[in-house]
Amino acid sequence: MEQTRFDIQYAALRSAIIEREFESLNDRQREAVFHTEGPLLVLAGAGSGKTTVLIQRIINILRFGRGYSCEFAPETATEDDLFFLREYLRHPTEQDRMRAELLCAVQPARPWQILAITFTNKAAKEIQQRLEHAVGEEFARDIWASTFHSACVRILRRNCEAIGYDRSFTIYDADDQKRVLTAIIKNKKLDDRVFDVRAVAGIIGRAKDNLQTPRKFALEAGDDYYQSTIAEIYKDYARQLKESNAMDFDDIIMKTVQLLQGNPEILEHYQHQFRYVLADEYQDTNHAQYVLISLLAGGYENICVVGDDDQSIYKFRGATITNILEFEQQYTHAKTIRLEQNYRSTQNILNAANELIRNNACRKGKELWTDNGNGTKIRFHRSETQEGEAEYIAETILDGFSEGNRWGDYAILYRNHVLSNNIESACKRNSIPYRIVSGLRFFDRAEVKDMLAYLWVILNPADDLRLKRIINVPARKIGNKTVETASILAEQHQTTLFDIVSHASEYPELGRASAALEKFANLIFDLQKMLEYMPLDEFYEQVMAHTGYLAALEAKGDYESQGRIENTMELKSNIAEYAERAQTPTLGGFLEEVSLFTDIDRMDADADAVVMMTMHSAKGLEFPNVFLVGMEEGIFPGFRAVEKDEDLEEERRLCYVAVTRAKKQLYLTCAERRMMYGRTQYSKPSRFLEEHPKDFVDSNIMETKREALEKQDLQLNPKFYSKRAHDISGNIHKHNKATAAKNQASIKAIDLKPGDQVDHKAFGHGMITSCRPMGGDILLEVSFDRVGTKRLMAKSAMNFMTKQ
DNA sequence: AATCCGGTTCTTTTT
DNA sequence: GAACCGGATT
């Protein structure tokens with residue numbers, strides 16, 4: 001076919017009109033949006049509008065198809081159309097828009113032909129919602145915007161019979177997985193210190209990430225004792241899961257790949273269906289996910305991967321940065337687009353990030369820039385102790401609050417959770433509202449898992465694993481011994497544990513316990529009956545009541561149980577919310593959803609509070625003011641990561657991620673000594689601080705830093721160090737002196753008594769209602785006019801408070 | 001079945 | 001230092 005003059009005119013008008021639709025994007029972004037056909041790699045720096053591009057690209061594909069990239073006019077096109085488009089471009093009106101759009105569209109995709117794959121539910125949901133907003137709910141509903149896991153589960157539920165699974169397979173989480181493995185290791189009479197469950201689970205998980213079957217793994221292990229034993233465990237584990245018709249998270253991906261590879265007709269079906277495949281956070285994909293994407297996109301090869309090699313921080317979970325680095329080799333005709341304009345941070349912050357990441361050898365290379373202006377310099381603070389560090393942070397936040405910042409404008413990020421302890425107490429002391437994004441997620445909490453286990457068992461009594469979890473929770477006189485005997489009986493009789501339990505009296509081996517067992521079985525039967533005629537949330541309450549779970553928690557009555565009760569109630573609202581949302585709510589539907597769910601989703605919805613979390617969890621988020629704490633050698637980079645360049649680079653990427661979370665102000669803090677693992681450690685400032693550009697860091701800090709560096713040789717000898725510390729630490733010392741003086745003054749000023757009127761920098765005017773001596777300090781209760789009653793420790797509060 | 005004691009361990013964790 | 005686990009004790 002040859003392009004005619006008509007075609008050329010048409011194509012020019014078409015691109016002008018389409019470009020108009022996406023005029024809010026920058027050139028690079030637009031380029032990515034319009035490159036719809038063929039492989040595309042988008043290297044999207046932090047804060048460069050990656051999600052926007054992903055979404056706009058989908059919108060473009062839905063509305064205009066390959067319109068922009070098409071050089072030919074539609075066969076039905078007439079001179080009239082050309083005229084219309086020209087007029088529309090001159091005077092675009094809302095009435096004409098639809099027709100113009102239709103004339104510009106070439107093979108627009110149907111929603112279900114688009115697969116947009118992400119790692120988190122949150123990201124999937126965001127894409128879904130923004131698309132709903134843009135193209136309407138009905139349209140957006142059919143787009144496959146989902147996580148790797150939910151997309152795979154969806155494929156598996158349809159087709160898993162082809163690989164010998166029942167459609168109703170259950171999903172084992174990390175905890176279930178560990179239980180099974182522990183049992184296997186015990187069963188094999190292996191030393192559980194040599195074969196640590198966590199390590200074994202990790203190795204098996206990595207094997208699955210690499211698509212290694214137990215057989216392949218055994219082959220590779222050869223006669224190496226450790227490896228070949230793990231191969232044995234892996235084999236047993238796989239067999240056991242298969243028998244229970246269960247898959248773990250890694251299976252979900254691996255089995256999908258196996259399904260597609262082993263069944264050409266199924267593969268073809270999906271390859272044909274997915275005309276456009278988009279993958280987010282591509283730098284975090286593992287080998288299995290890479291193969292999966294390649295398979296699914298194998299039909300049209302309209303594959304767009306978006307990611308940032310500099311933000312790859314999940315190697316320890318099997319992610320291989322190779323996938324993104326070698327994309328251009330995999331698809332030789334791939335187009336690569338770099339998004340380097342940053343819309344989030346100030347240039348100072350970006351300079352720091354650029355300088356830092358430049359120290360990495362293994363990267364594609366990118367340089368972030370912004371037209372947001374330079375902003376304020378990065379601030380560095382080194383305190384003597386971890387308490388000092390925490391206090392500095394609290395003071396800084398209080399200062400900021402009194403200047404009009406909101407608590408939620410602050411985030412405190414750390415390398416690992418333990419570092420949050422002191423900061424948490426400093427926040428408590430200073431009445432700073434804070435929220436810790438904890439390592440333990442809602443759905444991992446014991447009480448939540450217990451209740452979910454009940455629901456699973458009610459739905460599917462054959463679920464031995466979960467039955468074992470709750471059969472004696474709360475205690476109902478069914479001891480471990482009894483459960484063990486019953487399990488053995490189940491194995492002997494080739495039946496399920498529940499089957500034995502429900503017919504306990506037929507087995508003399510169970511002796512006196514059989515009454516309790518049958519009682520339990522009847523409980524489950526009763527609940528099953530209730531499920532048939534009750535709304536889900538009401539049913540859940542019945543489960544709480546009849547199992548005695550709620551009563552047991554209430555009976556304990558301590559503070560911890562109170563929290564647990566709240567958590568189980570929270571689960572109830574989850575169920576209620578699901579029941580309302582789903583078209584045909586079922587218990588199974590809810591459990592399925594929950595098993596692929598984490599609770600990061602509700603992170604942002606909550607009240608105004610300082611957020612504390614690990615640097616890992618901060619990925620993808622942004623905050624006006626960010627503290628990076630514990631910037632010390634041995635902590636960040638961690639002592640494990642300094643040996644191998646590869647690990648150090650990942651650590652540096654983590655630092656890059658952390659730095660680029662800040663929009664306006666970045667604070668870097670560290671302490672000279674810190675209590676860790678029960679001993680006091682002296683550490684030098686992190687090398688990552690050195691790698692920040694000097695000119696962009698607050699100047700008095702640089703002095704501090706130089707002094708800190710001078711100390712480095714000394715600190716190998718702690719005695720010498722402590723002797724000299726006072727003489728050489730000029731700036732730090734001065735600062736601490738000042739703080740000390742302030743504290744002295746404030747302790748003197750503690751002649752406070754109830755009834756005194758005070759002015760607080762952040763909370764305003766108030767009256768002291770009580771004073772209680774506490775650990776060399778005084779706990780004040782102050783009733784503030786504006787913010788109500790607060791409890792403050794006098795020493796630190798006096799830095800912000802004056803007596804009238 | 002609950003509690004206590006001692007020993008052990010201590011990155012990060014999107015599903 | 002704290003949290004968690006397993007074994008022993010009550």
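Reply: R363 sits in the loop that runs between α18 (347–357) and β9 (379–383). Keep in mind that this is a predicted model. The side chain of R363 makes a polar contact of 2.8 Å with the side chain of D310. The R363 side chain also reaches the backbone oxygen of K366, at 3.3 Å. If you set aside the neighbours within four places in sequence, R363 is in contact with D309, D310, L325, I357 and R358. So much for the arginine; other loops deserve a look too.

E281 is in the loop between β6 (276–279) and α15 (287–296). Its phi is near 50°, a positive value in a residue other than glycine. Most residues other than glycine have a negative phi, and most peptide bonds are trans. The peptide bond from V473 to P474 is cis, with omega near -5°, and P474 belongs to the loop between α22 (464–470) and α23 (480–492). The bond from F636 to P637 is cis as well, with omega near 5°; P637 lies in the loop between β13 (623–628) and α30 (645–659).

Helix α8 (residues 148–159) and helix α13 (residues 249–262) pack at an angle of about 55°, with their axes 9 Å apart. The two helices, α8 and α13, are therefore oblique to each other, and their crossing is left-handed. On the α8 side the contact is made by F148, H149, C152, V153, I155, L156 and N159, and on the α13 side by F249, I252, I253, K255, T256 and L259. Sorted by class, the residues in this contact of α8 with α13 are nine nonpolar, three polar and one charged.

Next comes the pair α9 (residues 174–187) and α12 (residues 225–243), whose axes come within 10 Å and cross at roughly 125°. Helices α9 and α12 are therefore oblique to each other, and they cross in a right-handed way. Here Q177, V180, L181, I184 and I185 of α9 make the contact with I233, D236, Y237, Q240 and L241 of α12. The classes in the contact of α9 with α12 are seven nonpolar, two polar and one charged.

E447, V448, M451, L452 and L455 in α21 meet R564, N567, T568, L571 and I575 in α28. The residues of this contact of α21 with α28 divide into six nonpolar, two polar and two charged.

Finally, which residues are around DNA strand C? They are M675, Y677 and G678. One of them, Y677, has a backbone N or O atom 3.3 Å from a base oxygen of DNA strand C. Of the atoms of DNA strand C within 4 Å of the protein, 20% belong to sugar or phosphate, and the rest belong to bases.

Terms used
Residues numbered from 1 in each chain as written. Chains lettered and ligands numbered in written order. Predicted model: local features only at pLDDT ≥ 70, side-chain atom pairs only at ≥ 80, totals over all residues. Heavy atoms only, no water. Near = heavy atom within 4 Å. Polar contact = N/O pair within 3.5 Å; in protein donor to acceptor, adjacent residues only side chain to side chain. Contact = heavy atoms within 4.5 Å. Helix = DSSP H or I, 4+ residues; strand = E, 2+ residues; numbered from the N terminus. Nonpolar A, V, L, I, M, F, W, Y, C, P; charged D, E, K, R; others polar. Axes fitted to C-alpha atoms, helices over the stretch in contact; angles between N-to-C directions. Parallel < 35°, antiparallel > 145°, perpendicular 65-115°, else oblique. Left-handed = near helix turned anticlockwise from the far one by under 90°.
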